[in-house]
Amino acid sequence: MAARATWKGFLKISLVNIPIKVFPATESSGTISFNQLHAECQTRIQQKRWCPHCNREVPISEIVKGHEFEKGRYVVLSEEDFDKVRPESTRVIDLVQFADESAIDPIYVDRAYYLAPDGRMASDAFAVMRDGMKGKVGIGKLALYGREYLVAVRPRRRGIVMYTLHHAAEIRSIDAVDELNEVAATVKPEEIKLARQVIGTFEGPLDLSAYKDEYREGLQKIIDAKIAGEDIVAPSVEAPPRVVNLMEALKKSLDTVSAQKKRLAKAAIAKPAARRKRAG
């Protein structure tokens, strides 16, 4: 199924305005959803808009948006009020700064979207700016879904990917985690050396497509089994042992990985030999 655009507007870089469409880069269809049911009769629970003051259900036509400026006191804003503060970014992604693509700290990234040209006339300009941004990330703003976002855009294959970003005020300081005050500022060089050796044994080309959602797959098996009237026995889960001696744990890790690699190497050698034996 072809992707459907959720927003149309312009990508603005200085005096260049490119008509674009915005497409979600991720989807939630892979998540297993659940409804709330009444346990007694398994009827789906209804969520009603209820006014405790008037003691009645309120239709959507009577719902307004209010901001609580004091405890129990609200100021009501109409759609006309929201229109008065509509920024230019409701129709334009205005890139106001460029930096090296590595400048974005992943902690700021929220969601990802794909940008594509809106119409053939926009395709050439889109391609030129995409290639011109190679190795760079552009920063701008965009009003989307009722709020203004800080965004970052960067080229990706034939298109451009846009990330909505958290503002700095939304990021909690790591200093607020009191438990980190107990973490040692310096560690022993020999421990660092061993730690790097352990980490090095796991290094390799990264392919995130190789990682599956095992929790979702297990949950789907349980759902399928219950539909079929079958029972699934939950596997026993052992708590990981506590690390008492770090150096000993690191050395055991290296020995374990080394033994695993030797077994895999022997298995790889044995397979061709077995095939040649069968062929002979």
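Me: How many disulfides does a search of the whole structure find?
Reply: This is a predicted model. A disulfide needs a pair of cysteine sulfur atoms within 2.5 Å. The search over the whole structure gives 0 disulfides.

Me: Which cysteine sulfur is nearest to that of Cys51, and how far away is it?
Reply: Cys51 is in no disulfide. Its relative accessible area is 21%, so Cys51 counts as partly exposed. The nearest cysteine sulfur belongs to Cys54, at 3.8 Å.

Me: Is Cys41 buried, partly exposed or exposed?
Reply: Buried means under 20% relative accessible area and exposed means over 50%. Cys41 has a relative accessibility of 47%, so the class of Cys41 is partly exposed.

Me: How many helices and strands does the protein have, and what percentage of its residues count as buried?
Reply: The secondary structure comes to 5 helices and 11 strands. The protein has 280 residues. Of these, the share that counts as buried is 16%.

Me: What share of the contacts with a separation of 6 or more comes from residues 24 or more positions apart?
Reply: A contact here means heavy atoms within 4.5 Å. Among the contacts in the protein with a separation of 6 or more, residues 24 or more positions apart account for 60%.

Me: Which residues of helix 2 are buried?
Reply: Helix 2 covers residues 120–132. Its 13 residues reach 19 Å from first C-alpha to last, close to the expected 18 Å. The buried residues of this helix pack against strand 2, strand 8, strand 10 and strand 11. They are Ala122, Phe126 and Arg130.

Me: Which residues does Arg130 touch, beyond those up to four places away in sequence?
Reply: Arg130 lies in helix 2. Its relative accessibility is 16%, so Arg130 counts as buried. Not counting residues up to four places away in sequence, Arg130 touches Pro155, Arg157, Arg158, Gly159 and Ile160.

Me: Which strand gives the most to the lining of the second largest pocket?
Reply: This pocket has a volume of about 180 Å³. Its lining is made of Tyr114, Leu115, Arg156, Arg157, Arg158, Gly159, Ile160 and Val161. Strand 8 (109–117) and strand 11 (159–165) each supply at least two of the lining residues. The one that gives the most, with 3 residues, is strand 11.

Me: How many charged residues are in the lining of the second largest pocket?
Reply: Arg156, Arg157 and Arg158 are among the lining residues, and Arg counts as charged. By class, the lining has 4 nonpolar residues and 1 polar residue, and the number of charged residues is 3.

Me: Is Thr164 buried or exposed?
Reply: Thr164 is part of strand 11. Beyond its neighbours within four places in sequence, its contacts include Tyr108, Val109, Tyr149 and Leu150. The relative accessibility of Thr164 is 1%, so Thr164 is buried.

Me: What distance separates the C-alpha atoms of Lys251 and Glu191?
Reply: Lys251 sits in helix 5 (residues 246–279). Lys251 is partly exposed, because its relative accessible area is 46%. Lys251 and Glu191 are 60 residues apart along the chain, and their C-alpha atoms are separated by 10.0 Å.

Me: Which residue just after helix 4 takes a positive phi?
Reply: Helix 4 runs over residues 214–227, and its 14 residues reach 20 Å from first C-alpha to last, close to the 20 Å expected. Just after this helix there is a positive phi of about 75°, and the residue is Gly229.

Note on methods:
Residues are numbered from 1 along each chain as its sequence is written. This is a predicted model: local features need pLDDT of at least 70, side-chain atom pairs count only at pLDDT 80 or more; totals for chains, interfaces and linings use all residues. Side-chain values use heavy atoms; hydrogens and water are left out. Helices (H or I, at least four residues) and strands (E, at least two) are DSSP runs, numbered from the N terminus. The expected span of a helix is 1.5 Å times one less than its number of residues. On a 1 Å grid over the protein atoms alone, a cavity is a set of points where a 1.4 Å probe fits but cannot get out, and a pocket is an open set with protein on both sides within 12 Å along at least five of seven lines; lining residues have an atom within 4 Å of a point. Grid points are joined across faces, edges and corners, and a volume is the space filled by probe spheres set on the points. Buried means under 20% relative accessible area, exposed over 50%, partly exposed in between (1.4 Å probe, protein chains only).
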